[in-house]
Amino acid sequence: MNVKQLDIITIGDGMITFDPIAKGPLRFVNHFERKIGGAELNVMIGCARLGMKSGWISRLGRDEFGRHIINTIRGEGIDVSEVQLVENYATSLNFKEIHESGKARTFYYRQKSPTETLTIDQLPIDYIQSAKIIHLSGVFPSIRQQNREVLFQTLKIAHTSGVKVSFDPNIRLKLWSKEEARQTILTYLPYVDYLLAGREELEIIFNTTDMTIILELLKKYAFEQVILKDGASGASYLSHGQWVHVPGEKVDKVVDTVGAGDGFSAAFLCGILKGWHIDKIMKFANAVGAMVVQVQGDNEGLPYYEDVEVYLGLRENIER
Ligand SMILES: O=C(O)C(=O)C[C@H](O)[C@H](O)COP(=O)(O)O
């Protein structure tokens, strides 16, 4: 029998994320803070901080930005043995634009992502089989046609090896159309154990805004859990064909909502690995989402396990 080495792994594109120092249209912003980002990577950072043995399968440019990302991720305690820096590719970039109103836009520069060198024959099968859970998202297959097949093969490897599959559709319409997203994601769903989606994403995948129809269609799959992430209002889980809503945790001041969904996913998977009851998992995951929105940056607000305990009032907060 295969001895599971890692709790959780992922496959994804890592990016340098440039956070604007000033608010308003990007064409007038002169200064940025260099950070790192990428949906799947955010989840792994969250998992590592919560104490899970985490690993990331990826390709970065063999450039200064690629080195910065791999060093940072290694520093977070994430296994990077399946991350390669490839020649003649630039590490992907993401520029964020934030308006006074709080509205934000993202400008990706990942058309020629280094992950396109991660072909099916390069998939580390033993590594995938060595994990308890693999977390995948719709970002990786949206970057390039070839990535869709790579993810499909990964799903099949995981499924046949007893590795649980978690999937967040993370539909980015700047990267693919609704139709492409729908067609691709529908082929993935039969291999998914934990589906963590937003309402709009479910509407795109099932091509209807009618929640009764969506609930009927969800029944066709063998999901162990289906989670509806609903931003500030909290999240719901599916139980006997009905949503059970778990309200979000109190937030003093929302600073930046980007990354809250990824934080929620990391915390949810932590709870799954700990074998908790779903109500406890949801409360914990909502707390992590609420903590993330109070910090600027896609992953800077992802908490350590004991920080969540303090937030939930389960551990004393000693300030000085
Ligand atoms: O990789 C990408 O394409 C991204 O967009 C990176 C973003 O930081 C996360 O995907 C945030 O996603 P949420 O947690 O849903 O706010």
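Student: How are α7 and α8 oriented to each other?

Tutor: A quick note before that: this is a predicted model, where local features need pLDDT of at least 70, side-chain atom pairs count only at pLDDT 80 or more, and totals for chains, interfaces and linings use all residues. Residues are numbered from 1 along each chain as its sequence is written, and side-chain values use heavy atoms, with hydrogens and water left out.

Tutor: Two packed helices are described by the angle between their axes and the distance between the axes. Here helix α7 (residues 199-206) and helix α8 (residues 211-218) pack at about 70°, with axes 10 Å apart. They are therefore roughly perpendicular to each other (65 to 115 degrees counts as that).

Student: Which residues of α7 and α8 meet?

Tutor: Contact means heavy atoms within 4.5 Å. R199, L202, E203 and F206 in α7 meet M211, I214, L217 and L218 in α8. That contact divides into six nonpolar, no polar and two charged residues.

Student: At what angle do the axes of α1 and α9 cross?

Tutor: Roughly 45°, with the axes of helix α1 (residues 39-49) and helix α9 (residues 260-274) coming within 8 Å. The crossing of α1 and α9 is right-handed.

Notes: Axes fitted to C-alpha atoms, helices over the stretch in contact; angles between N-to-C directions. Helix = DSSP H or I, 4+ residues; strand = E, 2+ residues; numbered from the N terminus. Left-handed = near helix turned anticlockwise from the far one by under 90°. Parallel < 35°, antiparallel > 145°, perpendicular 65-115°, else oblique. Nonpolar A, V, L, I, M, F, W, Y, C, P; charged D, E, K, R; others polar.
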